[in-house]
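I opened the model to look up how the ligand is held. My notes follow.

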Amino acid sequence: MSATYDLHSHTIHSDGTLTPSELVARARANRVDVLALTDHDVTDGVTEARAAAERAGMRLIAGVEISATWQRQTLHVIGLCIDACHEPLQQGLARLRKSRVWRAQEIGRRLKRKNIDGAYDAARAIARGAVISRTHFARFLVAQGYVPSAGQAFKQYLARGRAAYVPGQWADLAEAVAWIRGAGGVAVLAHPGRYQLTGSKLRRLLHEFKECGGQAMEVVSGSQPPAEIEHMSSLSVELGLFGSLGSDYHGPEQAWIDIGRLPTLAPQVCPVWTAFAPGYTCASSA
Ligand code: AMP
Ligand code: MN
Ligand code: MN
Ligand code: MN
């Protein structure tokens, strides 16, 4: 039997709800063999996750999901097999986290204009010192009864075009790829189907991504319709990009997604792990 991979997941170090040890335990229970931890703009969970994975007899891939901008569109670029000690990468991530604080304050001000008080402080408290994100605002809005669900919080307030949406000051696409490649990692465009781009714009994005050093794209992502998987699979073949798969697991609250529970890659797709350095063992620490 071939190994089970899940190359996209989150913990309490960004907007997930499990600790790295809890995440690894859940992955193990679901028979994952190779897990990548890819928190938003931070690698703080890698050391704990690696130790837990070692104890569980699993392989842990050090990763990160970098927030980036391309043609005014926010994109997520995953770095796999990164050296988390790499200074330019860490300096870049620190810059993004700083701009997240500014953005969160601005989100708070916009919610106040909608008569929602104290959102910034509350979201910060929910984040407990982790990387602050819109997810923490969504949890606050649900907890205070402003909206019935996190999905609704995005729909009414936080999604692009809504009253409290503030575009982030993220990395340029090429910059994000350069940080990942500089840290010895493999750059993967996350969930390409989620950006709602036209067919031709998506091809342009994939082409530019590849030109600036991007090597792979997610073809299998959490809660994705089968037709989209087929479409992404054929694009990966057409563009000559490796294919990745990952649940984008954030925790048990999202009951419709589970870690390691994913369709397999289609046989024509070249798996991203064939691009990992031979014997990659995550030797460097966070
Ligand atoms: P941020 O990086 O602060 O812009 O927050 C983005 C995160 O919000 C994503 O990684 C998802 O975890 C979450 N998110 C985005 N859109 C939605 C949505 N419609 N419903 C629930 N969560 C969402
Ligand atoms: Mn997230
Ligand atoms: Mn993402
Ligand atoms: Mn993610």
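**Ligand site**

I found ligand 1 in the largest pocket. A pocket is an open set of points on a 1 Å grid over the protein atoms alone, with protein on both sides within 12 Å along at least five of seven lines; sitting in it takes more than half of the molecule's atoms within 2 Å of its grid points.

This is a predicted model, with local features needing pLDDT of at least 70 and side-chain atom pairs pLDDT 80 or more, while totals for chains, interfaces and linings use all residues. Side-chain values use heavy atoms, without hydrogens and water.

I looked for polar contacts (pairs of N or O atoms within 3.5 Å). An oxygen atom of ligand 1 lies 2.8 Å from a polar side-chain atom of Arg-134. For the side chain of Arg-100, the distance from an N or O atom to a ligand 1 oxygen is 2.9 Å. For Thr-135, it is 3.2 Å.

I checked cover next: the protein takes up 74% of the 500 Å² of accessible area that ligand 1 has on its own (Shrake-Rupley method, 1.4 Å probe).

I also listed the residues around ligand 1, among them Asp-15, His-40 and His-250 (a heavy atom within 4 Å).

Terms used:
Residues are numbered from 1 along each chain as its sequence is written. Chains are lettered from A and ligands numbered from 1 in the order in which they are written. A polar contact is a pair of N or O atoms within 3.5 Å; within protein, one must be able to donate a hydrogen and the other to accept it, and residues adjacent in sequence count only if both atoms are side-chain atoms. On a 1 Å grid over the protein atoms alone, a cavity is a set of points where a 1.4 Å probe fits but cannot get out, and a pocket is an open set with protein on both sides within 12 Å along at least five of seven lines; lining residues have an atom within 4 Å of a point.
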